[in-house]
Amino acid sequence: MISRWREEGGYRDVLRLAAPLILSTGSWSLQIFVDRVFLSWYDRDVLAASLPAGMLHFTFSSLFIGTVAYVNTFVAQYWGADRPERVGPAVWQGIYVGLASGLVILCLMPFSGTFFEWAGHEPRIRALEAEYFRILCFMGPGITGVAVSSFFSGRGDTRTVMWVNFLATGLNIILDYAWIFGRWGFPEWGIRGAAWATVVSHLLIPVVFFCLMMRPRYRDTLRTLNGWRPDAALLRRLVRFGLPNGVQFMLEILGFSMFILLVGKLGTTALAATSVTFNLNTLAFLPMMGLGIAVSTLVGQYLGKNREDLAERGTWSAVHLSLTYMLVMAAGYVFVPGLLLRPYMSGADPEAFEEIWDMSVVLLRFVAVYCVFDAFYIVFSAAVKGAGDTRFVMLASVALGWFVMVLPTYLSVVTYGMGLYVAWIFVSLYLVLGGLIFMLRFRGGRWKSMRVIESP
């Protein structure tokens, strides 16, 4: 382990890139955690409505987020190949896709009520879901922030990404408290306040990143200003490799959204317990998403240098680190669930929350089992996507999500009435099988011959 720490592609190289990104995505999980805790204090129905509405909004956005996020791989491979003059133009193509995506998201606002009528939830929950979703649609133009942040993360400047995300998270938490409960002169808006806090903080991100990208030291060598013109060939390559990444991301999130909507048919208590459990799962999942971004960046940079051996070594180093973290989190879910659940109960009605508590304790044991395999899923899928193997990831994720998770959940909940815990078996199976499949794909080695950038 000591030698692996020091060598190229070892733990130090991975953590140098990953630590700020882990803290960045960890701040997202903190933001979601605090948001849900505040909502649980405010009202149980508001808590139950926030997850399906937020997940459905993220489902629509994820197609565009996943596509634009692939700018990170282009930047990483150009940077590794010592072609800095192509970095700025690559980011600008992502900005154009992000702006167009934001307009599409805004067009979904009139349909917010219709989406949740189809879900068949209780009328009060349905009204809250529609209101939360409608406000979140104003976040659409913020998708450009994914492209501009890739300018920094793709080159390995992950500390800048961390500080900007810290700024947005801090603002979101402050506005959450003020707007949900009506503090410091803000109106008491409940779930509307939570939604507007999220919108304002997320729209801040692209503004800050863009200002930083336009600093004089980047304008010439990286062409951040004069590389603004649309580049048809580069845009086509971004769509060619990025769109499968976006489709995979969207259908994966859609699968989880469908799962949550189906669970909602079991009642408000089951939906609230699932909301709490998935929220606690983000404490394990979202920090590892930061590690996944670092793995994609590292693989892209090493492949740009034609050092496939270092890309492979760096990926296995990331696997070791992610397994360590996930095992610690799994132990927490099993042995101290009360410690994790107590913040939700501290401001809620104890009698109303008691049944949610009991269900959540059981569901956290499912999370403890599958989060270990989730480490494989995140790292190995990120590694092959960092090379350009996005179509396989898309096909595998879609097949698993729908045929292992969604359809069996529908049959168990709607057709046979088997209950909440049977539905969670299929979620766990989906992540276990996904982790194993992507590990086998990585070990097959086909990704080593892939590139997304053109030959010089």
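**View 1. Leu411 is partly exposed, with a relative accessibility of 42%.** Here "buried" stands for under 20% relative accessible area, "exposed" for over 50%, and "partly exposed" for what lies in between, using a 1.4 Å probe and protein chains only. Leu411 belongs to helix α17, which covers residues 390-415. Together with Tyr410, Val414, Tyr416 and Met418, Leu411 forms a nonpolar surface patch with about 510 Å² of accessible area. To join such a patch, a residue needs over 30% relative accessible area and no salt bridge; nonpolar side chains (Val, Leu, Ile, Met, Phe, Trp, Tyr) are joined within 5 Å, and like charges within 9 Å. Accessible areas follow the Shrake-Rupley method with a 1.4 Å probe, and for residues only the protein chains shown count as cover.

A word on what you are looking at: this is a predicted model, in which local features need pLDDT of at least 70 and side-chain atom pairs count only at pLDDT 80 or more, while totals for chains, interfaces and linings use all residues. Residues are numbered from 1 along each chain as its sequence is written, and side-chain values use heavy atoms, with hydrogens and water left out.

**View 2. The whole protein, before we zoom in again.** The secondary structure comes to 18 helices and 0 strands; helices (H or I, at least four residues) and strands (E, at least two) are DSSP runs numbered from the N terminus. Along the principal axes, the C-alpha atoms fill a box of roughly 65 × 45 × 40 Å. Of the 456 residues, 60% are buried.

**View 3. A salt bridge joins Glu7 and Arg313.** The closest N and O atoms of this pair are 3.8 Å apart. Glu7 sits in the loop between α1 (2-6) and α2 (11-42) and Arg313 in helix α14 (residues 308-335), so the bridge ties together parts that are 306 residues apart in sequence. Both ends are partly exposed: Glu7 has a relative accessible area of 28%, and Arg313 has 27%. The term salt bridge is used for a side-chain nitrogen of Lys or Arg within 4 Å of a carboxyl oxygen of Asp or Glu, and the structure holds 8 of them.

**View 4. Arg451 and Glu308 meet in a salt bridge.** Their N to O distance is 2.9 Å. This pair also links distant parts of the chain, with Arg451 in the segment after α18 (420-444) and Glu308 in helix α14, 143 residues apart. Arg451 is partly exposed at 24%, and Glu308 is partly exposed at 24%.

**View 5. Arg155 pairs with Asp157.** The closest N and O atoms of this salt bridge lie 4.0 Å apart. Arg155 is buried, with 13% relative accessible area, whereas Asp157 is partly exposed, with 22%.

**View 6. Glu351, Glu354, Glu355 and Asp358 form a negative surface patch.** Asp and Glu count as negative and Lys and Arg as positive, while His and the chain ends are not counted. Each charge is placed at NZ of Lys, CZ of Arg, CG of Asp or CD of Glu. Glu354 belongs to helix α16, residues 350-387, and is partly exposed at 48% relative accessibility.

View 7. Asp82 has a positive phi of about 60° although it is not a glycine. Asp82 is found in the loop between α4 (71-80) and α5 (87-106) and is exposed, with 64% relative accessible area. Trp184, likewise a residue other than glycine, has a positive phi near 55°. The loop that holds Trp184 runs between α9 (158-181) and α10 (191-213), and Trp184 is exposed at 59% relative accessibility.

View 8. Val247 and Phe64 are 183 residues apart along the chain, with their C-alpha atoms separated by 8.4 Å. Val247 lies in helix α12, residues 232-264, and is partly exposed at 21% relative accessibility. Val432 and Thr169 are 263 residues apart in sequence and 31 Å apart in space, C-alpha to C-alpha. Val432 has its place in helix α18 and is buried, with a relative accessible area of 18%.
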